[in-house]
Amino acid sequence: MVIGITCYPSAGGSGIVATELGQQLARKGHEVHFISYAIPFRLDKYEPNLMYHEVDTTAYPLFKFPPYTLTLAAKIAQVARDYKLDILHMHYAIPHATCAYLAKQMLAELGNHTPKIITTLHGTDITLVGQAPSFYDMTRFSINASDGLTAVSNYLAEETKEVFNLKKDIQVIHNFFDSERFQPGMCECLKSDFVKKDEFLIAHVSNFRPVKRTLDVIDIFEKISAEVPAKLMLVGEGPETVLTRRQIKKKNLEDKVFFLGNQNRVEAVLPCADLFLIPSEEESFGLAALEALACGVPVIGTSGTGLVEVVDDYVNGFLLPVGETSSMARAALSLLNNKERLSEFKKKASENALKKFNSEKIVTQYEKYYEDILNA
Ligand code: GMT
C-alpha cells in the first residue's frame with residue numbers, strides 16, 4: 001500500500017506512535033510518506049520506502065497567524081496526487097483530520113483518485129482540545145468525515161462516543177513499542193551514574209503539561225524518599241517545568257531530584273529505573289508507561305484512565321485514584337521494601353508488555369484495518 005501519514009512531529013505520544021508505525025510499515029514493504037512541518041523527532045535515520053514531505057509555513061504581512069492548516073491540506077493533496085496514496089492516516093484529530101478532508105475535496109474536484117482517510121484519536125484531541133467550544137463542532141465533523149476511525153484504547157473510544165454522541169464505529173488499536181529498542185537491561189549508561197549503591201531510582205517521563213500532574217510526582221517521591229534511599233529522574237520539559245522545579249526547591253529535594261530535559265531516546269536510560277510514576281489526571285493509553293514496562297520498570301499510575309488497559313494492577317504496577325499521592329507512595333514502598341516482590345513485578349512488566357503490545361501484533365492490526373477500509 002502507499003500510505004501518507006500526518007502527525008505532530010514534536011515529542012508527544014501521538015507523534016511517536018505515528019512515526020514508529022510508519023517505520024514498521026515501511027520495513028514491511030509499504031511505501032510511506034510523512035507530511036508535516038518538521039521531521040518527526042524519532043525519524044532519526046534513513047529507511048528504505050520512507051519519505052518526508054515538508055509543509056510550508058508561509059509568512060505574509062497580512063497574516064497575523066500563518067495559515068498552516070491550509071498549507072498542510074494543499075501539501076497532503078499534492079503528495080496524494082503525485083504518489084497515488086491509497087491511505088491518508090491522520091494522527092490527532094485537530095487539525096489533521098480536517099486538513100485531510102479538505103485535501104480530498106480538492107483532489108475530487110480535479111477528478112483525481114482520492115485516498116481513504118483514517119483518523120487515529122490519541123487522547124487530548126478528544127478529552128481536552130476537541131471539547132473546547134471553539135473546536136467541538138469541527139472535531140465532530142472531521143471525525144465523522146473520516147472513512148475510518150481508530151482510538152488508542154477502549155477508554156478513549158467510549159469517551160469519544162459519549163462526548164460527540166457518535167454512532168460511527170471506532171476500531172480500538174492500542175499503542176505499541178519497538179522491542180528492539182525497549183528492553184530490560186539495555187541501558188546505555190550505568191545505574192551508578194545516577195544513584196549510589198542501595199539507592200532506588202524512580203523515573204517520570206512526560207511533556208510536563210498540567211494533565212500530567214507533575215506536582216503529584218514530587219509529592220509521591222517525597223513520601224518515598226522519606227522511607228527509603230532514592231533519587232528521582234525527570235525526563236522531558238513543558239509548561240509545568242518551572243512550577244515543578246519550585247516545588248522541588250520548596251520541599252528541599254534538590255539533592256535527590258535531577259532533570260534530563262528532553263531525550264530523543266528514553267530507552268537509553270529507562271531500564272536503569274526501579275519504578276515509574278505517572279499520576280496523570282487523564283491518560284487515554286499512557287505510551288510512556290508502556291515504554292517503562294517494556295524496559296522492565298513497574299508503574300504506579302492512576303485508575304479510571306486508559307492506564308487500566310496497559311498496567312496489570314497488582315502484577316506489574318499499581319493504579320490508584322487521581323490525586324491519592326499517599327496511597328501511591330504506599331504502593332511504591334510495598335515494592336521497594338520487598339526485593340522479591342519488586343523483581344517479580346519487574347519480570348512481569350517486560351513479559352506482559354511484550355505479549356500484549358509488541359509491534360508485530362499491533363502493526364498487523366493497522367494493516368488489516370487499512371485493507372478493510374480500502375475494501376469497504
Ligand atoms: O499527552 C501526551 O503525552 C501527548 C499526547 C499526544 O497526543 O501527543 O499523548 C496522547 O497520545 C498517546 C499516544 O497515543 C497516549 O499514549 C497518551 O496517553 C495520550 N495522552 C493523554 O491522553 C494525556
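## Asparagine 338 and the basis of the model

Asparagine 338 sits in the loop that runs between helix 10 (325-336) and helix 11 (339-357), where helices are DSSP runs of H or I with at least four residues, strands are runs of E with at least two, and both are numbered from the N terminus. With a relative accessible area of 33%, asparagine 338 is partly exposed, a class that lies between buried (under 20%) and exposed (over 50%), computed with a 1.4 Å probe on protein chains only. The C-alpha atoms of asparagine 338 and lysine 212 are separated by 28 Å, the two residues being 126 residues apart along the chain.

This is a predicted model, in which local features need pLDDT of at least 70 and side-chain atom pairs count only at pLDDT 80 or more, whereas totals for chains, interfaces and linings use all residues. Residues are numbered from 1 along each chain as its sequence is written, and side-chain values use heavy atoms, with hydrogens and water left out.

The chain is divided into domain 1 (2-176 + 358-375) and domain 2 (191-357), with bounds that come from an automatic or database domain assignment. Taken over C-alpha atoms, the centres of domain 1 and domain 2 are separated by 30 Å. To the contact, defined by heavy atoms within 4.5 Å, domain 1 gives 22 residues and domain 2 gives 21 residues.

Between them the two domains bury about 1,700 Å², 50% of it on carbon and sulfur atoms; buried area here is the accessible area (1.4 Å probe) that two parts lose on being put together, summed over both. On the domain 1 side, Tyr155, Asn175 and Asn358 lose the most area to domain 2, and together they make up 33% of what that side buries.

## Salt bridges

A salt bridge requires a side-chain nitrogen of Lys or Arg within 4 Å of a carboxyl oxygen of Asp or Glu, and a search of the whole structure finds 24 of them. Across the interface of domain 1 and domain 2 the rule finds 1 salt bridge. Arginine 42 and glutamate 291 meet through their side chains in a salt bridge with an N to O distance of 3.1 Å. Arginine 181 forms a salt bridge with glutamate 20, the closest N and O atoms being 3.9 Å apart; because arginine 181 lies in the loop between strand 7 (171-172) and strand 8 while glutamate 20 lies in helix 1 (residues 13-27), the pair ties together parts that are 161 residues apart in sequence. Both arginine 181 and glutamate 20 are buried.

Aspartate 219 and lysine 251 also meet in a salt bridge, at 3.7 Å from N to O, and since aspartate 219 lies in helix 7 and lysine 251 in the loop between helix 8 (241-250) and strand 10 (257-261), this pair ties together parts that are 32 residues apart in sequence. Aspartate 219 is buried at a relative accessible area of 18%, whereas lysine 251 is partly exposed at 23%. Within helix 11, lysine 347 and glutamate 351 form a salt bridge (3.5 Å, N to O), and, being 4 residues apart, they are separated by about one helical turn. Lysine 347 is partly exposed, with a relative accessible area of 43%, and glutamate 351 is partly exposed at 33%. Salt bridges that share partners join Glu20, Arg42, Arg181, Arg265, Glu267 and Glu291 into one network.

## Aromatic rings

The whole structure holds 10 aromatic pairs, where rings of Phe, Tyr and Trp (its six-membered ring) pair if their centres lie within 6.5 Å, with planes under 30 degrees apart counted as stacked, over 60 as edge-to-face and the rest as tilted. The rings of tyrosine 101 and phenylalanine 141 have centres 5.0 Å apart and planes at 85°, so this pair is edge-to-face. Tyrosine 101 belongs to helix 3 (residues 96-109) and phenylalanine 141 to helix 5 (residues 133-145), so the pair ties together parts that are 40 residues apart in sequence. Tyrosine 101 is partly exposed at 27% relative accessibility, and phenylalanine 141 is partly exposed at 39%.

## Backbone features

Most residues other than glycine have a negative phi, and most peptide bonds are trans. The peptide bond from isoleucine 94 to proline 95 is cis, with omega near -5°, and proline 95 lies in the loop between strand 4 (87-91) and helix 3. Phenylalanine 208, although not a glycine, has a positive phi of about 50°; phenylalanine 208 is placed in the loop between strand 8 (200-205) and helix 7 (214-225) and counts as buried at 0% relative accessibility.
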